[in-house]
Amino acid sequence: MKDPTEYVVTSELFSRYEKNPILTSAEWPYRANAVFNAGATRFKDETILLVRVENMSGFSHLTIARSKDGKTNWKINDHPALEPQPDIHPEEIWGIEDPRIMYLKEKKEYAITYTAYSYGGPLVSLATTEDFQHFNKMGSIMPPEDKDASLLPYKFNDRWALIHRPVPIYRAPSGHIWISYSPDLKHWGDHKIILKAREGGWWDADKIGIGPPPIETDEGWLIIYHGVKRTASGSLYRLGLVLLDLENPEKVLHRSNEWVFGPRMIYERIGDVPSVTFPCGAVLDKTRNELLLYYGAADTSICLAIGKIDDILEYILLCPRG
Ligand code: BMA
């Protein structure tokens, strides 16, 4: 029988890093069940990953790992950067998960949107930092159930914009991507759907959510989103592409009909949650024309896939208009 890793489709937009997974719980400096779904950014000549670490009770916190080239020699902090604090933030009772990092030029600080697992279900929380040493938790900004959120880096008509994924209760497909606005990062309104999960047999028919924060390009905001398909043996988490208008991110310019990345390798197929590829961070290396995509594999480890940004944009521009 063939090993399923041999079924790799050629000419993919993203190539897996040959030393995947790049981080696992085995090399963690303290006891942990799994490390996955990391936010990513460049900071002071290093790539910083804000890693979701699941402890042996099932709750997650966030810990920093750094590397000069974003691929090798990761230095892992021996203590969490952000921990659940249910005494001050009751909405964090069952942990904090899946951070997305965006630099806000106007405020000269990084915004971290993450999932707080509350008594009423997952919701969106916000924290800020200037130095990745001191963090300011601003509390919840969207009620449950809502996750997969990222800010855009600057204001639109004087308001901050947040892309996120609330879950409606009344019908399938169960989760679309929304945009909301705020004058102060605290009070949010004007909620609108910008991208719908498809229906029926589509690969993104059940629910969708953004992966890494939107990537600003000359052609528009590049969104790498995950689409979920329910199958008899569980959910498949794959990735598709969308391009949003730079000036009006409510406007979808193009959307891929096909997924561009999905579980294939053993480390993506087997783990605590099988057949999941789930990126929360990406770093664009403009000098090398490379997009480094950091994704959680099977809710168990952190992996890297690398794409040429020009090829990705060429591809999405040929996809159907939104
Ligand atoms: C999603 C999120 C992710 C997780 C994925 C697969 O709903 O909770 O954190 O990686 O499911 O389990």
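Okay, let's start with a word we'll need: a residue counts as buried when its relative accessible area is under 20%. And keep in mind that what you see above is a predicted model.

Now find strand E20, residues 290-297. How many of its eight residues are buried? Eight of the eight, so this strand is largely enclosed by the rest of the structure. In a regular strand, side chains alternate between the two faces of the sheet. For E20, both faces are covered. On one side you have Glu290, Leu292, Tyr294 and Gly296, on the other Leu291, Leu293, Tyr295 and Ala297, and all of these are buried.

Who sits next to E20? Strand E19, residues 277-285, pairs with it in the antiparallel sense over eight bridges. For instance, Thr277 has Ala297 in E20 as its bridge partner. The two strands make a hairpin with four residues between them, and in that turn Asn289 has a positive phi of about 65°. Then there's strand E21, residues 301-308, which runs antiparallel to E20 and is joined to it by eight bridges. Here Tyr295 stands opposite Cys303. This hairpin has three residues between the strands, and Ala298 takes a positive phi near 55°.

On to the rings. The whole structure has 16 aromatic pairs. One of them is Phe132 with Phe135, edge-to-face, 6.4 Å centre to centre and 75° between the planes. Phe132 is buried, at 2% relative accessible area, while Phe135 counts as partly exposed at 21%. Both belong to a cluster linked by ring pairs, along with Phe43, Tyr103 and Tyr110.

Arg198 lies over the face of Trp202, 4.0 Å from the ring centre, and Arg238 lies over the face of Trp259, at 3.7 Å.

Last stop, the surface. Phe59, Ile93, Trp94, Tyr117 and Tyr119 form a nonpolar patch, with about 500 Å² of accessible area together. Trp94 is in the loop between strands E5 and E6, and at 32% relative accessibility it counts as partly exposed.

Key:
Residues numbered from 1 in each chain as written. Predicted model: local features only at pLDDT ≥ 70, side-chain atom pairs only at ≥ 80, totals over all residues. Heavy atoms only, no water. Patch = residues over 30% accessible without salt bridge, like charges linked within 9 Å, V, L, I, M, F, W, Y side chains within 5 Å. Areas by Shrake-Rupley, 256 points an atom, 1.4 Å probe, with all protein chains shown as cover. Salt bridge = Lys/Arg side-chain N within 4 Å of Asp/Glu carboxyl O. Buried < 20%, exposed > 50% of the residue type's maximum accessible area, 1.4 Å probe, protein only. Phe/Tyr/Trp six-rings, centres within 6.5 Å; stacked < 30°, edge-to-face > 60°. Lys NZ or Arg CZ within 6 Å of the ring centre and 35° of its normal. Pairing = 2+ DSSP bridges.
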